Each structure stands twice: as structure tokens, then as C-alpha cells.
Amino acid sequence: MANNNSIKTKLIYTFIAWTISGLIFFPILWTLITSFKTEAEAISASPSLFMFDWTLENYEDVLARSPYFNHFWNSIVISIGSSILGLLIAIPAAWSMAFVQTKRTKNLLMWMLSTKMLPPVGVLIPIYLLFRDFGLLDTKVGLVIVMTLINLPIMVWMLYTYFREIPNEVLEAARMDGASIGEEILYVLLPIALPGIASTLLLNVILAWNEAFWTLILTAANAAPLTAFIASYSSPEGLFYAKLSAASAMAIVPILILGWFSQKQLVRGLSFGAVK
Amino acid sequence: MGSIHLKQVTKDFGDVSVIKPIDLEIKDGEFIVFVGPSGCGKSTLLRMIAGLEDTTSGTIEIDGQDATTTPPAKRGLAMVFQSYALYPHMSVRNNIAFPLKRAKINDDIIEEKIASVAKTLNLTDYLDRKPGQLSGGQRQRVAIGRAIVRQPSAFLFDEPLSNLDASLRVNMRLEISELHKSLNTTMVYVTHDQVEAMTMADRIAVFNGGIIEQVGSPLELYNNPANRFVAGFIGSPKINFIDIEPSTIDGTCSLGIRPEHIEISTTGGQWAGKIGVIEHLGSETFLHVHVDGHDTFTVKTSGDCPFKYGDEIYLSPQKNKLLHFDATGKTLPNIA
């Protein structure tokens with residue numbers, strides 16, 4: 001009886017899990033399918049899921065019309081650049097918060113996190129003016145800086161959680177063994193925390209890759225990443241759904257692949273310290 | 001060289017005073033054990049000597065030099081931690097080599113030293129293993145190897161054997177004692193286990209509530225404890241305390257008698273009692289005797305003890321072995 005119940009419960013949970021996953025994945029699937037339709041089929045009143053004439057013409061058009069690889073390169077530079085720069089700042093910050101705690105460390109961490117709750121538009125004008133005055137508008141350097149700043153609180157938090165799991169005694173042993181603070185971080189802390197650092201890096205690459213608000217505002221042609229490239233397909237003349245879908249697919253596929261291969265690492269990194 | 005001199009050293013955590021002013025001189029080559037109950041400040045003081053905790057006031061001198069504010073790396077001391085604190089991502093070889101590499105020692109010399117330490121500690125076959133692939137005892141040996149390889153002026157041990165099982169602990173205790181004899185380097189050893197303290201130390205410092213109650217050789221502390229706390233802490237099984245009416249002659253408020261200093265008789269004696277639990281250890285027997293009007297006494301007797309549970313016996317202390325304590329717990333001279 002109990003066995004029947006547990007199978008029933010499992011079935012219900014599995015059904016719910018698949019339904020929710022399907023709902024979440026459906027827009028992506030729809031985008032991918034639409035990208036292989038003609039514009040007429042894409043806006044058809046009775047759209048078909050699979051039964052249509054599959055075509056690659058949208059991809060050809062998009063590649064012919066826009067410098068996709070330039071945008072792709074910009075996305076890579078901005079996401080990886082900002083994640084590495086962020087790590088360089090976040091590692092020492094998280095180290096000091098995890099191992100040299102003061103009475104105010106917790107407050108500082110909360111304050112850092114609270115900045116993520118601020119709507120970005122709240123700092124739009126000052127950042128835009130600063131970028132204009134420093135000549136950073138439409139530059140990759142400018143975007144790397146802004147992405148670093150946006151994602152820094154999350155990086156510090158993630159690394160802090162990871163570092164807190166490392167016994168302080170191991171670092172103290174390094175100090176007793178004659179290591180300077182830099183050597184202690186480089187030779188002992190970082191190798192031990194490598195899985196955490198890798199997942200922090202991965203998550204921030206994904207966040208920076210998908211960021212659209214600042215990339216649309218601060219770039220035009222030179223530094224525009226793939227998010228700006230997608231947006232360029234929504235024009236005042238109307239939406240070309242099939243081409244927009246093809247552009248979207250080309251923008252999200254690289255990060256989807258990265259996410260797919262690193263999902264184990266990401267889930268481990270995000271749930272680290274939550275359960276012990 | 002490896003003398004350590006603590007002068008009026010204190011440590012406060014906020015408003016809490018963890019170490020009250022302490023003066024202690026540790027001689028070069030000495031094996032001193034800090035012993036005391038949990039939270040008495042012994043580990044904190046060791047960490048202050050190591051430089052891992054700041055000193056609130058007072059001076060720590062190492063080899064005559066003021067090292068109060070010197071960073072841990074520059075004190076020339078090595079520490080062995082309770083949790084071994086090995087670098088989990090490095091092989092045994094690299095763990096041992098780590099302090100030498102930080103000191104920028106030539107690679108050939110490092111290899112030589114690793115080989116020599118590995119031989120001393122029976123680690124030669126494990127040099128390429130990671131700490132996770134070693135047993136507790138082997139890990140502790142690696143931690144000791146990492147400490148001795150840099151030839152420090154003194155070793156600091158922070159409860160290094162508490163994670164090991166009982167039999168391994170006895171072996172490691174002997175190994176550390178032998179190491180001390182062969183290296184002849186100062187060792188400061190923290191433990192809450194008074195058996196470890198008694199068996200290993202040249203001198204023991206008994207801590208209680210952030211102060212040192214008494215410093216002396218193991219037998220000095222055992223035979224002539226300065227107060228009731230030291231008498232109760234040192235010795236296994238524990239000393240028996242007997243509260244008495246305050247004496248008008250010398251002010252004795254309580255007496256202490258060790259389990260081996262009580263004589264047993266079936267015909268008569270100072271206290272009558274009934275035997276409770278009997279612990280047979282083979283070579284000796286501990287009797288827990290419920291004494292009329294007092295607590296349970298522990299009595300040590302020979303291994304072939306004829307008594308059984310419930311037997312009525314009489315106990316008498318060896319008068320010259322009785323310890324007398326005043327109202328504050330201070331030991332008074334025995335006038336018997």
C-alpha cells in the first residue's frame with residue numbers, strides 16, 4: 001500500500017516537474033522552431049509546431065544583413081572580460097569577508113546585495129554622463145567595467161559562501177609555513193576553492209552575456225554585443241518574427257551550450273553552503 | 001634556540017577577558033604542556049604565541065627578541081593543528097615542501113630534506129599521495145613532517161591527537177616524545193587530556209579561567225598541587241575530595257586523597273562504605289565505594305581484588321598523603 005502511494009507521489013511530482021520545465025522551455029523551443037519558418041508561416045493565424053517547410057533562409061538573411069560575428073566577439077570579450085576582472089576584485093574582497101571578519105562584515109555583505117535590488121534605471125543618468133565624459137560610450141572597455149560592477153555583489157557573495165566552507169586552519173597553517181597573504185590566497189585558497197571559482201565565473205559569463213539593459217543604452221555599433229544585435233531586429237517598420245527568431249537563436253545557442261555542459265558545476269556552485 | 005618568554009600577556013575578545021595577565025618562561029628545548037578544561041584559554045595563548053591571535057597587552061619574547069607584533073611567518077615557529085590542516089590539493093611531498101618553497105630554498109636541498117623527514121616519520125611510501133588518501137595517523141605524521149622540515153626554533157601543538165583513536169593516540173604520543181628527545185627543540189603542547197600532559201611533559205602549566213593555576217613537573221603537580229583545582233584536574237582516576245567542618249587549627253575546609261592512598265579493611269577504618277561499581281583493568285582495580293555521609297570514593301587496589309558489588313568495607317587514608325585545602329581551595333601544608 002505504502003509502495004503504491006510512493007509510486008503515485010513520484011508520478012505526480014514527475015508530471016509537475018516536466019510540466020513546469022516544458023512551460024519554461026516552450027518559448028525557447030518556439031523561438032528555435034520559428035527561426036526555421038518563413039515570415040508568412042511565422043505570423044500565420046494557425047501556427048504549426050513541426051509541420052511546415054523548414055528553411056534556413058532566415059539565418060542566411062541575418063548573416064548577410066548584420067555582422068553577427070562582430071557582435072559575437074563583443075559578447076565574448078564583454079562577458080569573459082567582466083567576469084575575469086570581477087573575479088580579480090571579488091576574490092580578495094570575499095577572502096577578507098570570510099577570514100578577517102569584523103562586526104560590520106555581515107552588514108557590508110547585505111548592503112552589497114541590496115545594490116542588486118536597485119532598479120538599474122535609477123543610476124542610468126549618472127552612468128551615461130560618466131561614460132560620455134570619459135569617452136567610454138560604445139566601447140568594450142566601458143561595458144566590461146559596467147558589467148563587472150553590476151555582477152560584483154553576486155560574485156563576492158558566491159565566493160564568500162565558498163570560502164566560508166574552507167577551514168581557517170588550512171590558511172593559518174600556510175601563514176605559519178611562511179606564506180604571505182598573496183601566497184596564501186594563490187597557493188592554498190584558490191586551488192581549494194577552484195570549483196567555486198569556476199561556477200562563479202560561469203554564472204557571471206552567463207549573466208553578462210544575457211544583460212540587455214546596459215548594452216542597449218551604452219552601445220551603438222562598435223561594442224554592441226548579441227543582445228543589441230537581437231534588438232536591432234525589432235524595427236519601427238514592424239517585427240520580422242522569423243528573422244528575429246533566427247537572430248535570437250544565434251545569440252542564445254552559444255550560452256545554452258555552455259550552460260548545458262556546465263550545469264553540474266553551476267548547480268553545485270549555487271547550492272554550495274546551502275545544505276551541509 | 002627556542003626560548004619563549006611571556007610577560008603580563010593578556011587577551012580580550014570585546015568585553016570578555018580570555019587571558020588574564022600571564023607570566024611564563026619556556027626554556028630552550030623544554031617540552032611544556034598547557035592543560036586545562038575547555039574554554040580555559042590554553043589554545044588562545046598558544047595561538048598568541050604563534051601570532052595567529054593579536055595580543056591585547058603584554059609582551060611575547062622569542063629567543064630574547066620582542067615578537068609581540070611579529071607576523072606568524074617571521075616568528076620561526078611551526079605549528080601542528082588539531083585538524084592536521086594539510087593542503088588537500090597537494091601531495092604529501094608538496095605539503096612538506098611548502099614551507100621550504102616559501103623560504104626560497106634550493107630544489108635539491110628541498111628534495112633532500114623531504115627524503116630525510118619522510119624517512120624519520122615513515123612516510124617514504126606515501127610521498128605522492130594526497131592527504132585524502134591517508135589514514136588519520138599518517139595525516140598527523142605529515143603535519144608533523146611539515147613542521148619539522150623547516151627546523152623551527154619551537155613547535156606548537158594544538159591538541160594534535162584529539163582526532164585519533166585511542167590506540168593510535170598512544171603511539172603518536174610516544175612518537176612525539178621521541179621526536180622531542182631526538183630534535184631537542186622547544187615544544188609547547190596544548191591538550192585537555194591530563195594523561196597526555198603527565199606522560200609527555202617536562203613541565204605542565206594548568207590553566208583555568210584564563211589564568212595559570214600552577215606550573216611544574218608532572219610529579220610536582222601530582223604530589224604537591226597548589227590548589228584544589230589542580231589536585232582535581234591532575235590524576236586519573238580523580239582525587240577524592242572530602243568536605244569537613246573548618247578546622248580551627250589550620251583552617252582546613254576540605255581534604256583530598258588520591259585513590260591509591262586509601263587503605264581497605266574489612267574489620268575497621270575511618271570511613272565505612274559499600275562497594276558499588278568495580279572496574280577491573282587487569283593490573284589494577286578501581287572500586288567505587290559509597291561512603292556513609294560522603295560522596296562516592298574511588299579506591300585503587302591490586303588487580304586480583306577479592307571484593308564484589310555490595311560488600312561492606314572500611315577505608316582509611318594514608319595520613320601523610322592527605323591534601324588539606326582552605327576555604328579558597330588553596331593547598332595548606334600537611335601537618336600530619
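Two strands are taken to pair if DSSP finds at least two bridges between them, and helices (H or I, at least four residues) and strands (E, at least two) are DSSP runs, numbered from the N terminus. The model described here is predicted, and local features therefore need pLDDT of at least 70, side-chain atom pairs count only at pLDDT 80 or more, and totals for chains, interfaces and linings use all residues. Residues are numbered from 1 along each chain as its sequence is written, while chains are lettered from A and ligands numbered from 1 in the order in which they are written.

Chain B has eight helices and 19 strands, and its C-alpha atoms fill a box of roughly 75 × 45 × 35 Å, taken along the principal axes. Of the 336 residues in chain B, 38% are buried, where a residue is buried if 20 or more other C-beta atoms lie within 10 Å of its own, exposed if 12 or fewer, and partly exposed in between, with C-beta atoms placed from the backbone. Among contacts in chain B between residues at least 6 apart in sequence, 62% join residues at least 24 apart; two residues are in contact if their C-beta atoms, placed from the backbone, lie within 7 Å.

The domain assignment of chain B gives domain 1 (4-231) and domain 2 (239-332), the bounds coming from an automatic or database domain assignment. The C-alpha centres of domain 1 of chain B and domain 2 of chain B lie 37 Å apart, and six residues of domain 1 of chain B are in contact with eight residues of domain 2 of chain B.

An open sheet of five strands in chain B has the order β13-β17-β14-β15-β16, with antiparallel pairing. Its edge strands are β13 (262-265) and β16 (296-302) of chain B, each of which pairs on one side only. Neighbouring strands of this sheet are turned by 45° against each other on average, direction ignored, with axes being lines fitted to C-alpha atoms, for helices over the stretch in contact, and angles running from 0 to 180 degrees between N-to-C directions. Strand β15 (residues 284-291) of chain B runs antiparallel to β16(B) and is joined to β16(B) by seven bridges; B:Phe286 stands opposite B:Lys300 in β16(B).

A further open sheet of chain B consists of four strands in the order β11-β12-β18-β19, and the pairing is again antiparallel. Because β11 (240-243) and β19 (331-332) of chain B stand at the edges with a single partner strand each, one side of each is left without a neighbour in the sheet. Within this sheet, strand β12 (residues 254-257) of chain B and strand β18 (residues 323-325) of chain B run antiparallel and are joined by three bridges, and B:Gly256 stands opposite B:Leu323 in β18(B).

Strand β9 (residues 203-208) of chain B contains B:Ile204, which counts as buried because it has 29 C-beta neighbours inside 10 Å. Not counting residues up to four places away in sequence, B:Ile204 touches B:Val33, B:Val35, B:Ala197, B:Gly216, B:Pro218 and B:Leu221. The C-alpha atoms of B:Ile204 and B:Pro218 are separated by 6.2 Å, although the two residues are 14 residues apart along the chain. β9(B) pairs in the antiparallel sense with strand β10 (residues 211-216) of chain B over five bridges, and B:Phe207 stands opposite B:Ile212 in β10(B). The hairpin of β9(B) and β10(B) has two residues between the strands, and B:Gly209 takes a positive phi near 55° there.

For chain A, the domain assignment gives domain 1 (2-55) and domain 2 (66-232), and 35 Å separate the centres of these two domains, taken over C-alpha atoms. The axes of helix α5 (residues 105-114) of chain A and helix α7 (residues 140-164) of chain A come within 8 Å and cross at roughly 140°. That makes α5(A) oblique to α7(A), since angles under 35 degrees count as roughly parallel, over 145 as roughly antiparallel, 65 to 115 as roughly perpendicular and the rest as oblique. The contact is made by A:Leu109, A:Met112 and A:Leu113 of α5(A) and by A:Pro153, A:Val156, A:Trp157 and A:Tyr160 of α7(A).

The contact between the chains takes 17 residues from chain B and 14 residues from chain A. On the side of chain B that touches chain A, the elements that give two or more residues are β6 (77-80) and α2 (92-102) of chain B, and α2(B) gives the most, with three residues.
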